[in-house]
Amino acid sequence: MGRILRTIASRWSRLVLVALLLLSLQTTLFSEVRPFGYSAQLMAMFVAAAGSSHDVRVGAIVGLVSGFMFDAVLATPLGISAVVFGVVGAGASLMMQPFREPTWWLRILVVSVSAASSEVVTPLVNSVVGLGGWLNLHMLVAALVTFAAALLFAGPLIPVTRWTLSEKVSLGRD
Amino acid sequence: MAQNKTNLTRALVLLALAAVFFITLDLGGSGSTSRVRRMFDTIFSPVENVSRVVTRPLSGAWNAVREYDDVVAENDRLKEQVALQEGAAVAAAASVRLSQELLALNGLPTLAGINSVTAQVIGETPTNFSQTVEINQGENSGIKVGMPVLNAAGLIGKVTEVFADRALVMLISDPDYALSVKVVTKSSRTPVTLPPLPTEDAPTVDSVLETTDTSTTSSTSTTTTTILGFTPSATTIPAEVVAGAGSSITVPLASQLSVRETGILEGRGPGTRPIVRFLDATTRAAAIEVGAPIVSAGGSRSLAPPDIVIGVVSRVVERLGTAGPVLEIELVADLSNLSFLRVLLYQPITESGR
């Protein structure tokens, strides 16, 4: 019983639940609110925020898990977004490594740049697997929209990812 | 700590391999990934519905602020347009009915013979790298992968993913969308005008119509044809045409009738018009006019039945050498403003079994 409770309360279960909630926001609110016709990528921001607060492995795993969930609601091949978000999560973590004590604004900047990079990596991965047609100037505008949105949303998302991925679990007794 | 890192590394490697495995599986056309999507949809759908209800005021406010002026201007323009087109619509409806009757009479397939399901758009694509919309009808309504989707104006795309009560529709502007189409072109030859015929050589109605029993007067003929199910009415012909009394007759040659070039329509992403490439490289750009209608070609392996209106030619791009021209297409359907759609319950052979 304790083992099951520990599994349910583990950070990976929390990750799935939080990602599910953010994914529902991505497919509803963020799909309809489209500045300049482009959708801001909340899931990419979440993955980048996780990467910026944790090590490379955790960042990549959060990206892969969130990406699989994102792929499940898209019509694109299952695994494409997983690869893209895996790269974004690991990339955000790697970008933070040179800074021993990063300031809050530096972290927000890293999250924004990493999230925006997902809009460039996606068409590249699409082209690699043979789904061409998206490598054009539109992706730069899409990246700019996500970058601007991430400047707004990275602040609240960073504490959310810290809580989601915190290892200490309080179950009343251990 | 070291154990934890090893576990994380193992999980990472497994997830990365799973991603590559699933991409390979999905691109190979395996149906197992669809099952994974359906299972996930069972869990995700209630969460998404709650989110949609909660966030509706926010998206409504965004649309109100951003589009109010445009909506007012468009409303005025549309009122004027509706007034102009009311008369034309009646005439067009009569022509469409006549065309469908003629097609049915000759045993040719028509859209009227295909059942359809009306659906409402409930969501747009959450990504910037696919052109899809989500509709509120799915497998329970008989919708299957590959079925063509229309709105009131014309073809807008095809169903690519089906769940129990919803489906994803790939829009015609998606770069992964391709469809065989026909372009109605003008004739390459000029009409022939025959000189006036002497009265004794004038054509009779017998020679023009394939008849079994014809009685002709100077101005009216009653015709009985051999075409099954067709009941002709009395045909009134001007006396001077029958008699050939001194006037020229312009005879339409077979080459004067509309020529249909067949090509492949390809989407090119948002904000960019789709193009048509020709299967026949010898097609001459001069034979195609701007404004020529584009309709689906049909055929046993086509993704859509024949003669669904898609758009009109907006630009003809000639290419050097033996490469045929490329046409830019202005779609008749406004893909940025979709609400109610019609899914034709017609599954192409190429998509059957999915």
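Modeller: Happy to! Please keep in mind that this is a predicted model.

Chain A has eight helices and zero strands, so its elements, read from the N terminus, run α-α-α-α-α-α-α-α. It has 174 residues, and 56% of them count as buried. Among its contacts with a separation of 6 or more, 69% are between residues 24 or more positions apart.

Chain B is built from four helices and 17 strands. Of its 354 residues, 35% are buried. Residues 24 or more positions apart make 62% of the chain B contacts that have a separation of 6 or more.

Now to the interface itself. The size of an interface is often given as the accessible area lost when the parts come together. Here the area buried between chain A and chain B is about 4400 Å², and carbon and sulfur atoms give 69% of it. Chain A brings 54 residues to the contact and chain B brings 49 residues.

On the polar side, 16 residue pairs are in polar contact across the interface of chain A and chain B, both residues of each pair being at pLDDT 80 or more. The elements of chain A that give two or more residues to the side touching chain B are α2 (11–27), α3 (29–32), α5 (56–73), α6 (80–96), α7 (104–128) and α8 (138–164). The element that gives the most to this side is α5(A), with 12 residues. Sorted by class, the side of chain A that touches chain B has 32 nonpolar, 15 polar and seven charged residues.

What about charged pairs? Side chains of opposite charge can pair when their charged atoms come close. Across the interface of chain A and chain B the rule finds one salt bridge. In this salt bridge the side chain of A:Arg34 meets that of B:Glu124, at 3.4 Å from N to O.

A:Glu167 lies 156 residues away from A:Arg11 along the chain, yet their C-alpha atoms are separated by 6.3 Å.

Let me widen the view to the salt bridges of the whole model. Over all chains, the count comes to 15 salt bridges. One of them joins the side chains of B:Asp26 and B:Arg37, at 3.3 Å from N to O. This pair links distant parts of the chain, with B:Asp26 in helix α1 (residues 2–27) of chain B and B:Arg37 in helix α2 (residues 32–105) of chain B, 11 residues apart. Both B:Asp26 and B:Arg37 are buried.

Another salt bridge is formed by the side chains of B:Arg277 and B:Glu266, at 3.1 Å from N to O. B:Arg277 lies in strand β13 (residues 275–278) of chain B and B:Glu266 in strand β12 (residues 259–266) of chain B, so the pair ties together parts that are 11 residues apart in sequence. B:Arg277 counts as partly exposed because its relative accessibility is 33%, and B:Glu266 is partly exposed too, at 25%.

A further salt bridge pairs B:Glu328 with B:Arg268, with 3.6 Å between the closest N and O atoms. B:Glu328 is in strand β16 (residues 326–331) of chain B, while B:Arg268 sits in the loop between β12 and β13 of chain B, so this pair links distant parts of the chain, 60 residues apart. At 14% relative accessibility B:Glu328 counts as buried, whereas B:Arg268, with a relative accessible area of 30%, is partly exposed. Finally, salt bridges that share partners join B:Asp26, B:Arg37 and B:Glu161 into one network.

Notes. Residues numbered from 1 in each chain as written. Chains lettered and ligands numbered in written order. Predicted model: local features only at pLDDT ≥ 70, side-chain atom pairs only at ≥ 80, totals over all residues. Heavy atoms only, no water. Buried < 20%, exposed > 50% of the residue type's maximum accessible area, 1.4 Å probe, protein only. Contact = heavy atoms within 4.5 Å. Buried area = accessible area lost by both parts, 1.4 Å probe. Salt bridge = Lys/Arg side-chain N within 4 Å of Asp/Glu carboxyl O. Polar contact = N/O pair within 3.5 Å; in protein donor to acceptor, adjacent residues only side chain to side chain. Nonpolar A, V, L, I, M, F, W, Y, C, P; charged D, E, K, R; others polar.
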